[in-house]
Each structure stands twice: as C-alpha cells, then as structure tokens.
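Welcome, and please take a moment with the sequence and the model before reading on.

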Amino acid sequence: MNKKIFRSSLLVALLVLTASFVMMIGILFNYFQLQIEKELKNEAIYISAAIENEGTEYLKNIVNNEKRVTLISADGTVIADTSVEADELENHLDREEIKKALADGHGTSVRYSETLTEKVVYYAELLDDGSILRVSTKQYTVVTVLLGLSQSISVVILLTFILSFILSRRVSKSIVKPINELDLDNPENNNTYEELSPLLSKISSQHKTIEKQLHEAKKQQEEFSLIIENMSDGLLIIDKNMQVLMCNTSAKKLLNASENVNGNVFSVNRSKSFRQSVEKSLGGERFENEMVYDDRHYNIIANPVYEDSEIIGAFIVIIDITDTIQREQMRREFTSNVSHELKTPLTSISGFAEMMMNGGIDEATVKDFSKSIYDEAQRLISLVIDIIRISELDEKSNMFVKEKVDLYELSEEIIERLKPHADKKSIKMNIFGGKAQVYGVRKILDEIIYNLCDNAVKYNNNGGTVDIIVGTTDNETILTVRDNGIGIPKNAQKRVFERFYRVDKSRSKEKGGTGLGLSIVKHGAVFHNAQITLESQINEGTSITLKFPKQ
Ligand code: ADP
C-alpha cells in the first residue's frame, strides 16, 4: 500500500510538473513574442525619428544582424533595406503588416520570410510622409527558448523531481502510518480517517459476531466435555491409525489406564477382548464383547465412524456390568437358597405326615409328630414372612412413606414385645439415652431394631443382658444394640449380613432363625443411608451400631 501511494503521488507530481512545465513554456513563449513586438515598436519609433532628422541615409549606418529594417513607400516599393539591396525586393503592398499599417497606422505579423528563410516577426509603422517603416526580427521558436533555458530547466526539473520523490515518500508514509497503527482488536477505539469508519464498524460488528460464535462454540464444547467426563461409562475415540483422540475419566478408571492417555490405543489396555473390539470396529463392524479385568466385568461396544463412506476411526463404550452380574448371581443364589430352605421343613412335614397316615403309631408319638409338623410349619411361616420383607425392601422401597420416628420410643415398644422371650431366658433388657428422631419408614425401622434385639436375646445366655443405647450427635442419630451373649467368630463377622448365612446352622434353626434377620437389617440401613458397624467377641457378646445421618 505504502509503495502504491508513493508511486501514485510521485506520478501525480510528475504529471503536474510536466503540465506546468508545458504551460510555463507557452506563457514564456507568448511573453517573449510580446516583448519582441514591443521592442520592434520602440525601435521603429527611434528609427522613424532618426530618418526624419537624417533621412534614409541613417538606414545605411545601422549595423545589426538581429534586426532588419525596411523602408517602404506608400505604393509598396521598397526604398531601403538593411539586409538586402532594395531593388532586389518586390512590391510589399500585399504584406499583412503593411496593409495594417496603411489602415491603422501600425501593424504586426508573423510569417515565414522567403528572404530570410526563417519565421520572422514584423512591425510596420506609418510615417508622417506616408512611407512605412518596417522593423523585423527572427522569431524565437519553442525549441530556441528551451535550448536557451535548458540549463536552468534541467536544474529545476532535477530539483523538482527530488523534492517530489521526498515529499511523495513522506506523504505516503504519513497516510499509511495511522492505518498501520490501527488497533484492530478494538476497532471502535481508533481515531483515524473518517473514510475508514464504515470499515472499522464492519470489523467491530464482525468481531462481536465471531466472539459470540466462539463463546457459543466454547460453551457447547464445555457442555459436551462435561457430559462426557461425567459419564459413568467409559468412552474412547480413536482414529483409523488406532491413535487415541479422546478418553474420558471413566474409561481411564475402568481400564486402569494412566492419567495421560495418548498414542496407541493398546497402551490403554492390551486384553484380547479389547484388541478384538478395536480391530473389528476399524474393520467396519459394530462389535459387542465382554471383558473380565481385575475381577470386574465390562461390556465393550465398539462402533466404526464413517466419513463419506470411509472409516475414519471408531468409538468404544465401556460399561461396567459387574453389579448387574453380581445381582444376577445373588438372585440365582437366593432362589436356590430359598428352594433349599423351603424344601427342608417341607420334607420333614411330609415325612411326619406320611408316617401318621400309614398309622400304627401310638398317641404320644402322634403328638410328638404333630408338634414337629407345627414347629416346621412355624419355621416355614417365619421364612416366608422374612422373604416377603426382603422382597419388599428390594422392590417396593420407593413406595414407603417416610415420617419422623423416635427411635427411643420405638425401642421401648420392641422391648415390650420381646419381653416374653427375654423372660423365658431371664434376660434383662435395658434402654439408655433419650429422644432420638430419624426421618424414615417406621415399619422398616421397627424391623431393624426388632431383628437386632431378637438376635441379642436368641444368641444370649440365660440371665444375660441386652442394652439398647439411643442418642444423637450434631450430624447423626445413633442406635446400638449390645448383648453379652455367645458372640460371633471373627471370620464370620463380615458374612452374617449375607442372606441365609448362619454361623451355626443347627443352633440358628433350633432358635427359629431363618438366616435372613441381619440381611433385613442391612437392607433397612441402606434404605436409610445408615452406616452399620459390628463388634463382637466370642463368649463376651456382640454390639451392633447404626448411625443415621441427620436430614
Ligand atoms: P438368624 O435368623 O439365623 O438369626 P440372622 O441373619 O439374624 O439370621 O443372623 C445371622 C447369623 O449371625 C445368625 O445365625 C447367628 O449365628 C449370628 N448372629 C446374629 N446376631 C448375633 C448375636 N447378637 N450374637 C451372636 N450371634 C449372632
């Protein structure tokens, strides 16, 4: 731009210079013409005065190569001439300057002189005696003028050129400088050429649009990243060369990969199933596979990504299905356990009933058999009730209505209900603490405390004690059921909350246990977000504590 402005302004300056030069030459030329005419006139006046005094003889004394003086009679005959012999010259009456002088007293003309073979300026003056005095001289041509002034003109041209060059440079620089100094980041803050205002406004509005679009794009990108990062499933995107393009936190965690995942996808995981998924998807196939890694089960779904029907990569979703598999396993175990638990008492009942049906047994034995049938039927009833409770907790947990329940009051009620059992074994049941409210489901809280107290009585020694301690802290409501009974061996302490687990099966059976009591307690605690801890020592007793978070 700078160069262009410089070139243009230099060109303009040179054009102006040439035009002014041509005009100057014209003006000068005209000026010289007038000067010559003036000079010729003055000279004609002097010479006519001299002729009047000295006669035509005066003309003979004039020695001037520059000027030619001619005296012409009123009839056009040349009387005398300073350049040529008078009689050699033809009649001059038809000459333009002579005609004018005869008409107006004086006349001028410029023409080509055949005598002098040059362009000549003539001035003719009518003298008092009727003759005409004509003074003439060569006319300066433009070239003559130019040649005469050539030195000064050359100097002027050179100086003007240098000046134009310098000025054009300065001007172009000064024009471009404010443009170069424009703050395009803040187009509206510029104080520059008015002509640039529309352009700057346009840039400013485009800035705003771009900024807005960038902001939108960034927001969308952030939202997308946030969603991807917060997905519990792993997501991996790779290009066709198996290079990792994106790997979310869950994928890193599930595949146990390092924090900085980049490079080849097999640096993330090398297992056979993973490799197979990657290869099949890059081969254009949607592939689902199961992978077992670090004792956990994953479902890998790999999909090819196409662009213009060409595979450009793949995305791989990794879903942790361990819980589903475990739940399925638990369900299967539960069904088989339930069948087994139901079968045992039913087999006994059926056996006793068959013997009674066959007859031949005395009345006392029939009574014994009937009692056994009754006991087994009771066990079946308790078992079915417990199974129903567990199923309810499993499936209908969102149908329960929550309310404020005072654990102290509830524990007092439960003590009353268990009193007949406790009295049979001379077990003393105590309650400590005070009002301790929990926002929960009364029925479930009742089952929790009842099962804990029931066990504390069941697995206690005659004359033992059961203490229920209820209290609150700033953040929690705490309930502890403590007994000084038989205790639970260390290796069984973790398992007592499993369904149907019993430390001593026959003992539990004898006490009417189903193996589901603590499982119901655990479910109830999970439902109320409560934390369970168990402490136990063989032959010293057991203490189970539940901590309910305050709402
Ligand atoms: P059960 O119906 O057999 O009592 P639970 O699930 O309530 O089943 O308890 C599981 C097992 O844990 C019991 O069989 C028993 O061996 C043991 N247990 C539970 N509570 C106590 C306790 N307070 N003292 C000693 N052992 C206990």
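Is Lys 67 buried or exposed? Lys 67 counts as buried, with a relative accessibility of 12%. Please keep in mind that this is a predicted model. Here is a tour, starting with the salt bridges, of which the structure holds 28.

**Salt bridges between separate elements**

- The side chain of Lys 67 meets that of Glu 39 in a salt bridge, with 3.0 Å from N to O.
- Lys 67 sits in strand 1 (residues 67-72) and Glu 39 in helix 1 (residues 2-54), so this pair ties together parts that lie 28 residues apart in sequence.
- Another salt bridge joins Glu 97 to Arg 111, and their closest N and O atoms are 2.6 Å apart.
- That pair links distant parts of the chain, since Glu 97 belongs to helix 3 and Arg 111 to strand 3 (residues 106-113), 14 residues apart.
- Glu 97 counts as buried, because its relative accessibility is 0% and the cut-off for buried is under 20%.

**A salt bridge within one helix**

- Lys 100 and Glu 96 also form a salt bridge, and here the closest N and O atoms are 3.4 Å apart.
- Both residues lie in helix 3 (residues 96-104); they are four residues apart, so about one helical turn separates them.
- Lys 100 is partly exposed, with 32% relative accessible area, and Glu 96 counts as partly exposed at 44%.

**Patches on the surface**

- Which residues form the negative surface patch? Glu 409, Glu 412, Glu 413 and Glu 416 make it up.
- A nonpolar patch on the surface is formed by Leu 158, Phe 161, Ile 162, Phe 165 and Ile 166, which together have about 430 Å² of accessible area.
- Phe 161, one of these residues, is part of helix 4 (residues 142-180) and counts as partly exposed at 35% relative accessibility.

**Tyr 501 in its loop**

- Where is Tyr 501 found? Tyr 501 is in the loop between strand 15 (476-483) and helix 12 (505-510).
- Tyr 501 is partly exposed, with a relative accessible area of 21%.
- Setting aside neighbours within four places in sequence, Tyr 501 is in contact with Ala 492, Arg 495, Val 496 and Gly 515.
- Tyr 501 and Thr 514 are 13 residues apart along the chain, and 8.8 Å separates their C-alpha atoms.

**Glu 376 in helix 9**

- Glu 376 is located in helix 9 (residues 363-395).
- With 13% relative accessibility, Glu 376 counts as buried.
- What does Glu 376 touch, not counting residues up to four places away in sequence? Its partners are Pro 345, Ser 348 and Ile 349.

Terms used
Residues are numbered from 1 along each chain as its sequence is written. This is a predicted model: local features need pLDDT of at least 70, side-chain atom pairs count only at pLDDT 80 or more; totals for chains, interfaces and linings use all residues. Side-chain values use heavy atoms; hydrogens and water are left out. Patches are made of residues with over 30% relative accessible area and no salt bridge: like charges are joined within 9 Å, nonpolar side chains (Val, Leu, Ile, Met, Phe, Trp, Tyr) within 5 Å. Accessible areas come from the Shrake-Rupley method with a 1.4 Å probe; for residues, only the protein chains shown count as cover. A salt bridge is a side-chain nitrogen of Lys or Arg within 4 Å of a carboxyl oxygen of Asp or Glu. Lys and Arg count as positive and Asp and Glu as negative; His and the chain ends are not counted. The place of a charge is taken as NZ of Lys, CZ of Arg, CG of Asp or CD of Glu. Helices (H or I, at least four residues) and strands (E, at least two) are DSSP runs, numbered from the N terminus. Buried means under 20% relative accessible area, exposed over 50%, partly exposed in between (1.4 Å probe, protein chains only). Contact means heavy atoms within 4.5 Å.
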